[in-house]
Every structure is written in C-alpha cells, then in structure tokens.
Amino acid sequence: MSKEGAISTGQKFERCSKSYSLLCPFHLHSFTMSTYLFMYDLMQFCGHSWIFTNMIIRFMSFGKDLLADTFYSIGLVMRFCQLLSVLEILHILIGIDKSRLFPRVLQITERIIVLFVVINSQEEVQGKYIVCVLFFLWNVLDVVRYTYNMLARMGIYYLPLTWLNFSLCILLYPLSVLAKAFAICVSLPYFESFGTYSIKLLFPFAFSIYFPYILKAYLLVLFIGKYLIFQKAVSQHNLDACGNKKNQISRFFHKH
C-alpha cells in the first residue's frame with residue numbers, strides 16, 4: 001500500500017472514530033431512557049396485574065362478598081400505582097415520552113382526586129360496590145395499556161394487542177368516567193355531614209369553602225375531560241402504533 005493510501009485510510013478511520021464518539025453518548029442516552037421506560041411499564045404492569053388477578057380470584061372464591069372489602073385488600077397497591085403514574089407527566093415534560101400532555105394530565109389527576117380525595121378520605125365510601133367496579137375498569141385498561149407499551153419499547157407491535165389497546169379505551173373509558181362521577185355522588189352526603197375539607201376562615205376574611213360545592217363543580221370538569229380524552233382515543237384508534245391506517249388492522253383480522 002502506498003504512503004498516500006495509508007494516510008488516506010488513517011484519516012478515514014480517525015473521522016469514523018470521531019463520529020462514533022459523538023454519536024455514542026446519544027445512543028447510550030437513548031438506550032438508557034428506553035430501558036428506564038420499559039422498567040417503569042413493567043412495574044406498573046406487575047402492580048395492575050396483581051390487583052386484577054387478586055380481584056378475579058377473590059370474586060371466584062367469595063362472590064359478591066368481596067365487593068365490600070375491595071379497598072381494604074388492594075387499596076394500598078392501587079394507591080402506589082396511581083402515585084407512580086404521576087411520573088408519566090414528567091416523562092412527557094422532559095421529552096422521553098411523545099404522548100400528548102393535556103389528556104394525560106387530565107386522566108391522571110382524575111384518578112388521583114377520586115382515589116385519594118373522595119374514596120380514601122371517606123371510610124363509608126370505601127365499602128361501596130362502586131369502588132370495586134371502578135378498580136376493575138381501571139385495571140383492565142392499564143393491564144392492556146402497559147402490556148402494549150412494554151412491547152412497543154422493544155419495537156414489537158402485535159396487531160391484535162394494538163387494536164385491543166385503542167378499542168378497549170373507547171369502550172371502557174366512558175364507563176370509568178361514569179363510575180368516577182357515581183363515586184363522587186355517593187360521597188357527597190358524607191362530605192356534607194362530616195364537613196371533610198370544608199374550611200371556614202376567621203375574621204377578617206369571613207369566607208368559607210364548602211367542599212361538596214367543589215365536588216359538584218368538578219363533575220363538570222370530569223365530563224369535559226372525558227370528551228377531550230375520548231377524542232384522542234378515537235383519533236389513535238384510526239392509526240396503529242406504526243402510523244398505519246386502521247384498515248390494515250382490519251385486513252389482518254379478515255385474513256385470520
């Protein structure tokens with residue numbers, strides 16, 4: 001090999017090494033974030049799967065008797081999973097999750113308010129059947145969603161699961177909103193009689209906050225949020241995770 005050829009080869013190797021050194025931190029960061037998001041989805045999947053399996057087994061063992069103590073048996077894990085879901089807002093804010101921020105904030109805050117403010121604060125509400133129904137709807141949606149997310153992190157888009165993820169949300173999310181609204185309505189008499197979270201400010205303000213009125217106003221916000229999130233779910237239902245048209249998913253089911 002000539003001296004000029006050796007120099008040229010050496011220069012190319014040096015350029016490639018510099019390019020790799022520049023790209024390597026980016027790929028390492030991307031890999032780290034993907035691994036973190038996968039572990040987050042896996043943790044949520046395990047939590048919601050445990051709740052869902054526990055509810056099914058208890059229902060098969062005890063029948064309707066399980067409804068009264070649903071909150072006492074799985075409430076702790078449910079609260080942990082819902083608190084952990086607040087991280088999803090942070091994921092969107094820092095750019096590692098490309099989901100839309102506003103619908104996700106609405107969905108998470110709805111659950112946090114209903115679970116921690118309404119149900120957790122009123123022991124009389126915790127034994128109501130509506131709590132069992134609400135937990136069941138949340139966990140069906142989340143088991144499917146986090147399963148889909150975990151596979152998507154690995155670049156796997158299983159068409160039946162993709163279709164189920166978007167279709168199930170359209171079917172069950174309105175029901176979960178109605179269940180949330182019913183839980184709030186059930187809790188209103190207890191907030192009125194016990195005065196929980198109601199505040200009366202002393203002189204010179206002479207101002208009081210009557211919490212049942214806030215809950216009644218929140219019912220309106222709940223249904224507005226339902227409309228916005230439902231629109232998002234319908235638009236996602238028309239595309240699969242790869243950006244392909246829904247008719248491709250339909251053709252899959254026709255072939256099988």
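**Entry 1**

The model I examined is a predicted one.

I looked up helix H2, residues 70-84, against H6 and found that the two pack at an angle of about 40°, with their axes 11 Å apart. H2 and H6 are therefore oblique to each other. I also noted the handedness: H2 passes H6 in a left-handed crossing.

I then listed the residues in contact. From H2 these are Thr-70, Phe-71, Ile-74, Gly-75, Met-78 and Gln-82, and they meet Val-131, Cys-132, Phe-135, Trp-138, Asn-139 and Asp-142 of H6.

**Entry 2: helix H4**

I turned next to H4, which covers residues 101-119 and has 19 residues. From its first C-alpha to its last, H4 reaches 26 Å, close to the 27 Å expected at 1.5 Å a residue. I checked burial along H4 and recorded several buried residues, among them the charged Arg-104, Glu-110 and Arg-111. Leu-106, Ile-108, Val-114, Leu-115, Val-118 and Ile-119 are also among the buried residues of H4.

**Entry 3: salt bridges**

How many salt bridges does the structure hold? I found six, and I followed several of them in turn.

Arg-153 pairs with Asp-41, with the closest N and O atoms 2.8 Å apart.

I then examined Arg-145 and Glu-88, whose side chains meet in a salt bridge at 3.5 Å, N to O. This pair links distant parts of the chain, with Arg-145 in helix H6 and Glu-88 in helix H3 (residues 87-93), 57 residues apart. Both Arg-145 and Glu-88 are buried.

Arg-111 forms a salt bridge with Asp-142, the closest N and O atoms being 2.5 Å apart. Arg-111 belongs to helix H4 and Asp-142 to helix H6, so the pair ties together parts that are 31 residues apart in sequence. I recorded Arg-111 and Asp-142 as buried.

Which residues do salt bridges with shared partners join into one network? I noted Glu-88, Arg-104, Arg-111, Asp-142 and Arg-145. Of these, Asp-142 is also one of the H6 residues that meet H2.

Key. Residues are numbered from 1 along each chain as its sequence is written. This is a predicted model: local features need pLDDT of at least 70, side-chain atom pairs count only at pLDDT 80 or more; totals for chains, interfaces and linings use all residues. Side-chain values use heavy atoms; hydrogens and water are left out. Helices (H or I, at least four residues) and strands (E, at least two) are DSSP runs, numbered from the N terminus. The expected span of a helix is 1.5 Å times one less than its number of residues. Buried means under 20% relative accessible area, exposed over 50%, partly exposed in between (1.4 Å probe, protein chains only). A salt bridge is a side-chain nitrogen of Lys or Arg within 4 Å of a carboxyl oxygen of Asp or Glu. Axes are lines fitted to C-alpha atoms, for helices over the stretch in contact, and angles run from 0 to 180 degrees between N-to-C directions. Angles under 35 degrees count as roughly parallel, over 145 as roughly antiparallel, 65 to 115 as roughly perpendicular and the rest as oblique. A crossing is left-handed if the near helix is turned anticlockwise from the far one by less than a right angle, and right-handed if clockwise. Contact means heavy atoms within 4.5 Å.
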